[in-house]
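Trainee: I'd like to learn how to read a model like this one. Can we go through it together?
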Amino acid sequence: MTAELKSALLDVYKRMPVKIVRGQGAWVYDESGASYLDMYAGHAVTSTGHCHPHLVQALSAQIQKLVFYSNAVAVEHQEEAAALIVDELPSPLSRVFFVNSGAEAVENCLKMARIATGKQRIVGFEGGFHGRTLGAQAATGLSKYRKGLAELIPGHTFVPFGDATAVAVALAAGDVAAVIVEPVQGLAGARTAPPEFFRAIRALCDQHGALLIYDEMQTGFGRTGSFTFAPRYGVVPDLMSFGKGIASGLPVGAAVTNEKVAATIRPGDLGTTFGGGPLASAAVRATIEILRSEGIYAQVASRAPRLRQALSVFPSVAEVRGEGYLIGLKLHGTAASMQRQLFDRGVLTGTSDDPAVLRLMPPLTLNDEQIDHFLEQFARAERVFRETSKVPS
Ligand SMILES: Cc1ncc(COP(=O)(O)O)c(C=O)c1O
């Protein structure tokens, strides 16, 4: 026995120096009771805020009746949750397959695309991120995340994000089942592309008989001020992957598609033990009910521009990227040091794969008063950041 306390956990996460034990709305609290404004939302997950009363009520009611039963039977809340999602989606997206995480949702989209087209290759984008399981990792354009076995998985081509000509070349090589894109590349620093790029890749996919997959893990469920990024610019994908905010914090993902693709999927082609269990489905259902009843999309659409505009005037901010409440702040300095300054002032934020981009992904319920509080703390943090990073005023 050693006197030293050794962690039994595998050391894979760079963690903020705090343990969060309680949350309410946009606020979280540590063991000592100290409060933090959560501009990170547990990585864009707690979409309806922490412990929303409607979510708590729905989960409490379900957990007392039945925690779990598998898809061997009809599962309570699952049909209703899927119907609510479909109701919010642009036509012709109409079918939902529930899974347990974002990566799994991506994997099932890739699989459905291969089944539906009979083709194998996947075209992805430099800077894209789709998850840590092997198939999702293999489709990830950020090369450092492909390290390990995913590099050995054949059939993946990566082209620059925003470059429709490169997509055309990749499709012309043949055998492409799908083009997969994050409409706003989150991990790459909330980067997006112009409308004509999205229209062009839609047309190119149709021309070459490939399917278009939108990975809406971060953009979906209201974060950009509408349910999903699609049908922005008149573009609707054939498949869509969801996770993160879909269940306000329960581990849920969903792969969504249209009738044409669904018609090619047979019983047994896809499956999962836990996906869409009663508790998970109750959480999805409650999340959409909250988004609707509180008019959250409109709130994000109206509040986010003020926050983005206010941030853009700070001398340390080179650019405000992203859409709605998916914000990438390109800084004149390192995001990790701004993150620390904000943390010291009771604000949680995220970094990104770009060392200069700080990510803000608050609960979608973030209100005007909380925005004011954040901007006050940001102004204080930014003054120190400016001095230490030697940013001209
Ligand atoms: C765009 C995107 N796709 C997929 C994933 C993977 O989701 P999960 O970590 O739930 O597997 C993430 C996670 O950060 C993501 O941002």
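Trainee: Where does Ser248 lie?

Mentor: Ser248 sits in the loop between β11 (239-242) and β12 (253-258). Helices (H or I, at least four residues) and strands (E, at least two) are DSSP runs, numbered from the N terminus. Before going on: this is a predicted model, where local features need pLDDT of at least 70, side-chain atom pairs count only at pLDDT 80 or more, and totals for chains, interfaces and linings use all residues. Residues are numbered from 1 along each chain as its sequence is written.

Trainee: Is Ser248 buried or exposed?

Mentor: We count other C-beta atoms, placed from the backbone, within 10 Å of a residue's own: 20 or more is buried, 12 or fewer exposed, in between partly exposed. Ser248 is buried because 31 other C-beta atoms lie within 10 Å.

Trainee: Which residues is Ser248 in contact with, leaving aside neighbours within four places in sequence?

Mentor: Contact means that C-beta atoms, placed from the backbone, lie within 7 Å. For Ser248, the list is Thr46, Ser47, Thr48, His52, Leu55, Ala283 and Thr287. Ala44 is 204 residues away from Ser248 in sequence, yet 9.3 Å away in space, C-alpha to C-alpha.

Trainee: Now helices. Where does the kink in α10 lie?

Mentor: A bend is the angle between axes fitted to the seven residues ending at a residue and the seven starting there. In α10 a kink of about 25° lies at Arg303, shortly before the proline Pro305.

Trainee: What do the buried residues of α10 pack against?

Mentor: Those residues, including Arg303 and Leu307, pack against α9 (278-293), β13 (317-323), β14 (326-331) and α12 (368-388).

Methods: Contact = placed C-beta atoms within 7 Å.
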